[in-house]
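Q: I would like to learn how to read the features of a protein model. Please show me the structure and take the features one at a time.

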Amino acid sequence: MSGYHLGHDPAAFLPPTTQDPSQGSSQDYLPPSYAPPITQSQPHKVHKNPLVIASEARAKNEVQMQNMLQQIQMQYRIWNTEVEPEHETDFICTCSIHNYKRAKWARVPLQEAWCKAVMYPGEKFYTDANLNAVFFSNGPYQFRVMSPWSMSMGRMGGASVLDPGWHAKWTRQTIALNAELNVKAQTNVDNKEPKFNIWEVPGRAPEMVQTNGSRASDEKKRLQRTYNGDSKSSSGYPDEKAGSSSPSARPKPAPTKSSKFSFRKALGMKSSEEKADEFVSRLRVDILSEEAGRWPDIAWRQIVSHYQAAVGMESKIASLRLSSPLQYLHLLRAGYFEPIPVAWAKDLSNPLKFSIEAAGGWRGITPAWRGYEDTAEERLYWVLNHREGTTGPRLKPDFISAMQLARQRMDSAVEPPPEYFANDDTCHKQNTSKGYSKQVMPPAYNPVDRPESPNDDTMILLDVSGSMDQEPCRPNYNQYVITGYSRTHQPRNKDVAKAVVRRFTTAMSNHDHAFNGYDLVTFSTFSSIIGTINHTNFDSTWSKVKVGGGTRVMTGWQTVKDLHFRKHSESATHHPVYGWQAGPETPILRLLLLLDGEALDMDEFELDLLGCKWAHVTIFLIGADDCPHHHRHANELQRISDVNPHVSFVDAQGNCPERFVTHELLKRHLGYQMSLQEFEEIEVPPAYSVEA
């Protein structure tokens, strides 16, 4: 969704500088570099459309607004991220809450531009950013959803009090209204789709219309004079439904001498048939122009076609283009049918990180956008619902359902198998517990791909965000309101991660007889290449790991991909926008990813993995004991694992049995059902593993 400069600057093909400068240089730990091949894609003019322009403008201060809201929520001890603070008085003052509301009001022109770019014909703009005018908003949520705030007075000059009962009612009303408006919006857009094949143009073969984008510019110029001065909706199309039959097949009306018809024609007024013809002609031209602009040559089109096939929605997209061209155009402009640009992984704000706020009027891309947190989550679920073989809709669980499922999963925890007991587990060495916490047993592992081969490339990607070094804690709930947090008696997550990585690398070295070790990459706000870690240099290498910052998994994932393809560049190609493209001989990347919570860009990461058949990812999720947030995230990972056989996960909560975790991780990482006896044989480090 952003404009791209497509020069062949050699610097553009180097790995991005994503390391935090304060952590020093990592150049000493880079694997040997290779000159990446350059594709034959020709430079072309930066492609723009209204959504690209609106996205570029929105990205300039999106992160600042999100940070401003988080700071106010922390200031007033509001732990529910879905709730914006409210002042107890409507009088304007200089408090942080009203400063935030003024900042929202200043963004209304930007919000209008964004909504105009994503709205479908007939939809109307609304916002909740008015400072005083309560009755001057046409937002559907204003009078149909109650406030979550208590009527009781808070402290003078402070924020209102979040009432658990009112918040629960507000949550249920919002969920119900989201569902109602989504159905209505989807129905309205479906009804506005042409009821015939718009690619059947008289005098031209259908395949010519579908593939020859060069004619779009000429046809667009021819139609420009027709559209000038027409009344259009916010989407740029006449706010009129298409006719019920093809313009090429529609019978010509018999000549009449209707004075009314002659009068309307004399005034330049168009009939409904003429308006429908113009709607279809413009829609066809805009699709061809957008396709030609986004994918200017065969190299681009081949990458896009391969991506659609890899994700499993090639035929679905073709069907959408044929039967729902209006929705196809909107999604095409948003980049739904192509890989995620590499540059987005490095940007703090990109078109997949935009917040969706149904009550506030910040829209998503699809007709049924209400209920999603951001544009990445919306696109992820759209893809999951439009893949070949999908049976029934895969709906995102609403907040209440997600919490109920999390608590059900939490209640299913049992005592771990006693044969995995170890005195050297972190929880025993730190005396945080005399035994283990109950664990949710992972489902029986059923391999779906070939097992690991000697050519496969194993790497480790480690979360080093600030929470890894904090005292583990879980939220306290009153219905659906978080009232505070309680500490859990367990080791810090960084200590558990260190122990599991040590056990994992030891077992992998014994299994592969690859005692040189494995590449270790860390990520938080930045990513860092730590180096090759093995049983002989483990402690000295781990000492380079620095903890602190946010949780942006895409920065680390991009660095891992760069390392992998630089080592195997002879079998891959590089595209200036979409980055590395694996070839048929490119070795499989087997990645162990360690997380202690949901990354800010987790949906973007999961979306990217759907198109990476050359990558097998095993996730280890570390969580606090009896924490519903941990189990909610585990349920989300399970849903992704169910649809993407190349992604699997293991989770542990509280005081965990590290040998059990390592065994389950190895099964999934190596791709076969490893027996306990085999695990016990390879988990013992060699006698010379102690560092000097």
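Q: How many disulfides does the structure hold?
A: A disulfide is a covalent bond between the sulfur atoms of two cysteines. Here the term is applied to a pair of cysteine sulfur atoms within 2.5 Å. The structure holds zero disulfides. Before going on, note that this is a predicted model: local features need pLDDT of at least 70, side-chain atom pairs count only at pLDDT 80 or more, and totals for chains, interfaces and linings use all residues. Residues are numbered from 1 along each chain as its sequence is written, and side-chain values use heavy atoms, with hydrogens and water left out.

Q: Are Cys 627 and Cys 656 buried or exposed?
A: Buried means under 20% relative accessible area, exposed means over 50%, and partly exposed is in between (1.4 Å probe, protein chains only). Cys 627 has a relative accessible area of 7%, so Cys 627 is buried. Cys 656 has 4%, so Cys 656 is buried.

Q: What do the totals for the protein say about burial and surface?
A: The protein has 692 residues, and 54% of them count as buried. Accessible areas come from the Shrake-Rupley method with a 1.4 Å probe; for residues, only the protein chains shown count as cover. The accessible surface of the protein comes to about 31500 Å², and carbon and sulfur atoms hold 54% of that surface.

Q: How many helices and strands does the protein have?
A: Helices (H or I, at least four residues) and strands (E, at least two) are DSSP runs, numbered from the N terminus. The protein has 23 helices and ten strands.

Q: What share of the contacts is between residues 24 or more positions apart?
A: Contact means heavy atoms within 4.5 Å. Among contacts in the protein with a separation of 6 or more, 76% are between residues 24 or more positions apart.

Q: How many salt bridges does a search of the whole structure find?
A: A salt bridge is a side-chain nitrogen of Lys or Arg within 4 Å of a carboxyl oxygen of Asp or Glu. The search finds 32 salt bridges. One of them joins Arg 333 and Asp 286, with the closest N and O atoms 3.8 Å apart. This pair links distant parts of the chain, since Arg 333 is in helix α12 and Asp 286 in helix α9 (residues 272-294), 47 residues apart. Arg 333 counts as buried at 15% relative accessibility, and Asp 286 is buried at 10%.

Q: Which residue forms a salt bridge with Lys 494?
A: The partner is Asp 469, and the closest N and O atoms are 3.0 Å apart. Lys 494 lies in helix α17 (residues 493-512) and Asp 469 in the loop between β1 (457-463) and β2 (473-478), so the pair ties together parts that are 25 residues apart in sequence. Lys 494 is partly exposed at 30%, and Asp 469 is partly exposed at 27%. Lys 494 and Asp 469 also belong to a network of salt bridges with Glu 471, Arg 487 and Arg 492.

Q: How many aromatic pairs are found in the whole structure?
A: Rings of Phe, Tyr and Trp (its six-membered ring) pair if their centres lie within 6.5 Å; planes under 30 degrees apart count as stacked, over 60 as edge-to-face and the rest as tilted. The search finds 15 aromatic pairs. Among them, Phe 337 and Trp 382 form a tilted pair, 6.1 Å centre to centre with 50° between the planes. Phe 337 is in the loop between α12 (325-333) and α13 (342-346), and Trp 382 is in helix α14 (residues 375-384), 45 residues apart. Phe 337 counts as buried at 0% relative accessibility, and Trp 382 counts as buried at 10%.

Q: Where does the charged end of Arg 321 sit?
A: A charge sits over a ring if NZ of Lys or CZ of Arg is within 6 Å of the ring centre and within 35 degrees of the ring normal. The charged end of Arg 321 sits over the ring of Trp 199, 4.0 Å from its centre. Likewise, the charged end of Arg 58 sits over the ring of Trp 114, at 4.8 Å from the ring centre.
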